[in-house]
Every structure is written in C-alpha cells, then in structure tokens.
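Trainee: I am new to this structure. Please take me through a close look at a single part.

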Amino acid sequence: MNIFVAKLNYDTSDDTLLGAFEEFGTVDSAKVIIDKFTGRSKGFGFVEMPNDDEAKNAINTLNETELDGRTIVVKVAEPKGERPQRRERY
C-alpha cells in the first residue's frame, strides 16, 4: 500500500519517516519529497508497505500525531490518475 504523509517538518529525513512506520511492520520505502530547485523538503512524503493490514494500522495510529514537532496527516495515497488536474500557470 502506498501511504501519503503530509505536514512534515522540513527537517524530517527519509530515515525518520522510515523509523516511524517500521514500528507497524515491513516498509519497502520511505521518501520525503525534495524540491528540485531549492533542495529543501516540500513537507510531504510517501511510504510503501507491502502488507495492507500493517499499513492500515500505521495510518490509523499515526494520523494526527506528532513527528519531529509537527502534527502529521497520514492517509492512503491516491493514484496519480485520480487526482484533480492542476491549473496551468502562465
């Protein structure tokens, strides 16, 4: 299951994110998204867990909890095709 984690502290690392979710089971990957121009965190990331039951438990337990001093939002990630289109910028 692919999990979306929002409202991350800008100093949160991939390893910190991984550690938070490893408490609930096997984690395939944990990635904080980095802005390619500034090199700074965008404040969100994704975690992949192969076991759906472990992933659901992690989501339910970690949502609205504190990580690195910020209250995070944790939910199932939506597939790219199902997100609303962003409007064009000129």
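Trainee: Leaving aside its neighbours within four places in sequence, which residues is Thr12 in contact with?

Mentor: Keep in mind that this is a predicted model. Beyond those sequence neighbours, Thr12 touches Leu17, Val32, Leu67 and Asp68. Now place Thr12 in the chain. Thr12 sits in the loop that runs between strand 1 (2-6) and helix 1 (14-22). Is Thr12 buried or exposed? Thr12 is buried, because its relative accessible area is 5%, and buried means under 20%. Across the chain, 30% of the 90 residues count as buried.

Next, move on to helix 1. The structure has one salt bridge. Lys31 pairs with Asp14 there, and their closest N and O atoms are 3.7 Å apart. Asp14 belongs to helix 1 and Lys31 to strand 2 (residues 29-34), so the bridge ties together parts 17 residues apart in sequence. Both ends are partly exposed: Lys31 has a relative accessible area of 44%, and Asp14 has 27%.

Now step back to the whole chain. The chain holds two helices and six strands. Read from the N terminus, their order is β-α-β-β-α-β-β-β. Of the contacts between residues at least 6 apart in sequence, 61% join residues at least 24 apart.

How values were computed:
Residues are numbered from 1 along each chain as its sequence is written. This is a predicted model: local features need pLDDT of at least 70, side-chain atom pairs count only at pLDDT 80 or more; totals for chains, interfaces and linings use all residues. Side-chain values use heavy atoms; hydrogens and water are left out. Helices (H or I, at least four residues) and strands (E, at least two) are DSSP runs, numbered from the N terminus. Buried means under 20% relative accessible area, exposed over 50%, partly exposed in between (1.4 Å probe, protein chains only). Contact means heavy atoms within 4.5 Å. A salt bridge is a side-chain nitrogen of Lys or Arg within 4 Å of a carboxyl oxygen of Asp or Glu.
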